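Subject: Structure handover

Hello,

I am passing this structure on to you. Please open it first; my notes follow below.

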Amino acid sequence: MLFSCGVHLRRRLLSLQETLVKSGEDMGCLRALGMMTTPNACKASKFPFGKVDWSRPVSTGVRMELSITKPDDWHLHLREGDLLQAVVSHSASQFGRAIVMPNLKPPVTTTDAAMTYRESILKTLPSNSDFDPLMTLYLTDKTHPDEIKHARRSGVVFGVKLYPAGATTNSQDGVTDVIGNCLPVLKEMIEQNMPLLVHGEATNPMVDIFDREKVFIDTILRPLIEKLPDLKVVMEHITTQDAVRFIESCREGSVAATVTPQHLVLNRNALFQGGLQPHNFCFPVLKREIHRQALVSAVTSGSNRYFLGTDSAPHERQRKESPCGCAGMYNAPVALSVYAKVFEEAGALDKLEAFTSFNGPDFYGLQRNKSKIKLSKTPWMVPESYTFPSGEIVPMFAGETLDWYPSAAAI
């Protein structure tokens, strides 16, 4: 069962409060139980969809545990500087590896820059961490095929990221015409077995923002695959049933997709419930409920075409809660909890490990992780925010109680 809307939770809390008051308790008991949170109009909203069973208590005596191969995150934003130091531990404690996005300022367009960025990530990790950042290059109209050869020889670069110019955060240096300007590079990527990681949104301002993924598939991605059928492509953070249909139509092993936690549990209503919700704003934007359901069906089907990619994208709170707020949801601390809930709801917990831990490395041609982690059916409360020297970051489902708790240590 999925989490409830805020209004129903408040009613339940009021009912519980009345019960406790009648028995001589006070509101401090609710806080001690982790059930009272400070109201926040800009807090990312709860799971608003699916069946809700109010007979389930907040904490049960039954403890369920899953042991799965340590997952990897195949789409992650770590930023740099203070923000990097604030967020990297959340990913490193739960994931063995992560494909790290290159959209910094300036973007990571060369192998040398990728190696420098990787060193800065490694320096922020605890000495006993085995987290392995897998680097990517930022594709531009001027990227040279020799750079792809250099990237493959480096042993640290595992993909090249296609941002259509203007599609998302720090994409202004992205590609303006992928077929017209990048064919020599893409052909070299085929030779080097280097995947193209695609932010699949059309950027023509005349295209409705909710149709950008579909239009990109029809006008750019499908023609590209037809022209270069041997190019390995990961369509990042898919959001629509159109993307699912396209991926299923492609040759197995040639085109795959990452799916985020937010696009599996939220639809576009979550942008507006209780007022404009800046912490639920991301690119690609949340879509209709029919698209969310299509994604859930795809990832829980057991297909090896889909794998975990959080697209966790931290921004300082003031940059989200502003007249022109940044796109991105910070979900690294809660991602595994949300994925587990989705698979549990679908009756597909037996397929969770393949999605989180097998399909990604298999597609990239890498070994699966050897260690394991535990997921416990243990309710826990997500912090309202995480502070760092320049401000604070509001995570996905801030202040809410989630059902599944991932252990930080490998077993």
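At roughly what angle do the axes of helix α7 and helix α8 cross? Please keep in mind that this is a predicted model. The axes of α7 (residues 212-227) and α8 (residues 241-249) cross at roughly 15° and come within 10 Å. Angles under 35 degrees count as roughly parallel, and α7 and α8 are therefore roughly parallel to each other. Their crossing is right-handed.

On the α7 side, the contact is made by Glu213, Lys214, Ile217, Leu221, Arg222 and Ile225, which meet Asp242, Ala243, Phe246 and Ser249 in α8. Sorted by class, this contact has five nonpolar, four charged and one polar residue.

Next, the aromatic rings. The count comes to eleven aromatic pairs. In one of them, Trp74 and Phe307, the ring centres are 6.4 Å apart and the planes stand at 75°, so the pair is edge-to-face. This pair links distant parts of the chain, 233 residues apart: Trp74 is in strand β2 (residues 73-76) and Phe307 in strand β9 (residues 306-308). Trp74 counts as buried at 1% relative accessibility, and Phe307 is buried with a relative accessible area of 0%.

Tyr138 and Tyr163 form a tilted aromatic pair, with 5.3 Å centre to centre and 40° between the planes. Here Tyr138 lies in strand β4 (residues 132-138), while Tyr163 lies in the loop between β5 (157-162) and α6 (178-191), 25 residues apart. Both Tyr138 and Tyr163 are buried.

Finally, ring pairs link Trp74 and Phe307 with Phe363 and Tyr364 into a cluster.

Regards

Conventions. Residues are numbered from 1 along each chain as its sequence is written. This is a predicted model: local features need pLDDT of at least 70, side-chain atom pairs count only at pLDDT 80 or more; totals for chains, interfaces and linings use all residues. Side-chain values use heavy atoms; hydrogens and water are left out. Axes are lines fitted to C-alpha atoms, for helices over the stretch in contact, and angles run from 0 to 180 degrees between N-to-C directions. Helices (H or I, at least four residues) and strands (E, at least two) are DSSP runs, numbered from the N terminus. Angles under 35 degrees count as roughly parallel, over 145 as roughly antiparallel, 65 to 115 as roughly perpendicular and the rest as oblique. A crossing is left-handed if the near helix is turned anticlockwise from the far one by less than a right angle, and right-handed if clockwise. Contact means heavy atoms within 4.5 Å. Ala, Val, Leu, Ile, Met, Phe, Trp, Tyr, Cys and Pro count as nonpolar, Asp, Glu, Lys and Arg as charged, and the others, Gly among them, as polar. Rings of Phe, Tyr and Trp (its six-membered ring) pair if their centres lie within 6.5 Å; planes under 30 degrees apart count as stacked, over 60 as edge-to-face and the rest as tilted. Buried means under 20% relative accessible area, exposed over 50%, partly exposed in between (1.4 Å probe, protein chains only).
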